[in-house]
Amino acid sequence: MAKTKSTKTAKVMIEELTPEQESMFSVYRDKWTAVGLCTDPIDRDRAIAAVNKAYECGGLPPPNQILFADGPMHAKQMLSDMGINNSLDSLVFGQHEAYWVAFYDFFQTECKLDLGGKLDGMMAMAKECGWTNVYDTLAVVQSRPNKIKMDDQNRIHCEDGPCIEYPDGTQIYGWHGVRVPKEWFTDRKSLTPQIALTWENTEQRRAACEILGWARVLRELDSSVIDEDADPMIGTLIEVEIPEIGREKFLKVLCGTGREFAIPVPPEMKTALEANAWTYDIPSDVLSQDRKSTRLNSSHMSESRMPS
């Protein structure tokens, strides 16, 4: 059992978790992450029960009417038609409450923390509802997203469209965790290097440059060559001054298809070979040795093809 002690108010304070309890962290993390990222259609009967439970836990009678919307914009329109013009003041975040109710679920279940059932309604709504507008006699349950796309670090990201989309057509565009304007994807010609480099928000500015491709953006900037390798596939290490971001280093390199890329690299890089090795997460001497081996193999293969 977890170590506990009594306080002056006769409550029990948990001072230490047991190894068995700590081993359950990942279980609750995965459980509630799945809730927060769920894209399944709403089960209306279960959602109604969850909303009623939440009202009950809050000491309120259940709403007279529970309606369903296909997403945020649909809910906003429904409420506007009822004369309710600010739909943001009344929101319960449903599945997006998962990040904090997970904490209480763990302590309530694994450490027998007595919450008096007060959070049962919120937990139920997290499992069964999307965003929900709540009022004294009315609740509007919004659909979950039907699409969520993320990068390998679990940040919202999609390179060819919205990263979050709802059944009502509400869309959110994101690039490695940064929300960006829809037009950068739907009207690619509207995003130019000049716009990207002068965009006011610095996080969105970097995202814009990555969307365009650093090779294209760098053509608009004065750059200084730090080191140029004889092999264009190892590349050239350059440094540029990016407005309001500062000095940044890039490796300009040719890929096997002959296309040029520019890859941001850490400021401590001193040679193109070192920077190229960094992109593979290997020491530069290993890459250098691999390159020598490749050349020797290529030479041997060429000689073996020569007619005798």
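**View 1. Residue types around the largest pocket of the predicted model.** The residues of this lining fall into 10 nonpolar, six polar and one charged. Two elements, helix H2 (25-36) and strand S9 (171-172), each contribute at least two residues to the lining. The space in the largest pocket comes to about 310 Å³.

**View 2. The centre of the largest pocket.** In total, 17 residues line the largest pocket. Those nearest its centre are His 96, Trp 131, Ile 164, Tyr 166 and Ile 172.

**View 3. The second largest pocket.** This pocket holds about 270 Å³ of space. It is lined by 13 residues, and Met 233, Val 253, Leu 254, Asn 276 and Tyr 280 are the closest to its centre. At least two lining residues come from each of strand S14 (246-254), strand S15 (260-265) and helix H11 (272-280). By type, the lining of the second largest pocket has 10 nonpolar residues, two polar and one charged.

**View 4. An open sheet of four strands.** The strands are arranged in the order S12-S13-S14-S15, and their pairing is antiparallel. From one strand to the next, the twist averages 30°. Strands S14 and S15 of this sheet also supply residues to the lining of the second largest pocket.

**View 5. The pairing of S12 with S13.** S12 and strand S13 (residues 236-242) run antiparallel and are joined by five bridges. Val 225 has Ile 238 in S13 as its bridge partner.

Methods: Residues numbered from 1 in each chain as written. Predicted model: local features only at pLDDT ≥ 70, side-chain atom pairs only at ≥ 80, totals over all residues. Heavy atoms only, no water. 1 Å grid on protein atoms, 1.4 Å probe; cavity = no way out; pocket = protein on both sides within 12 Å on 5 of 7 lines; lining within 4 Å. Points joined across faces, edges and corners; volume = space filled by probe spheres on them. Nonpolar A, V, L, I, M, F, W, Y, C, P; charged D, E, K, R; others polar. Pairing = 2+ DSSP bridges. Axes fitted to C-alpha atoms, helices over the stretch in contact; angles between N-to-C directions.
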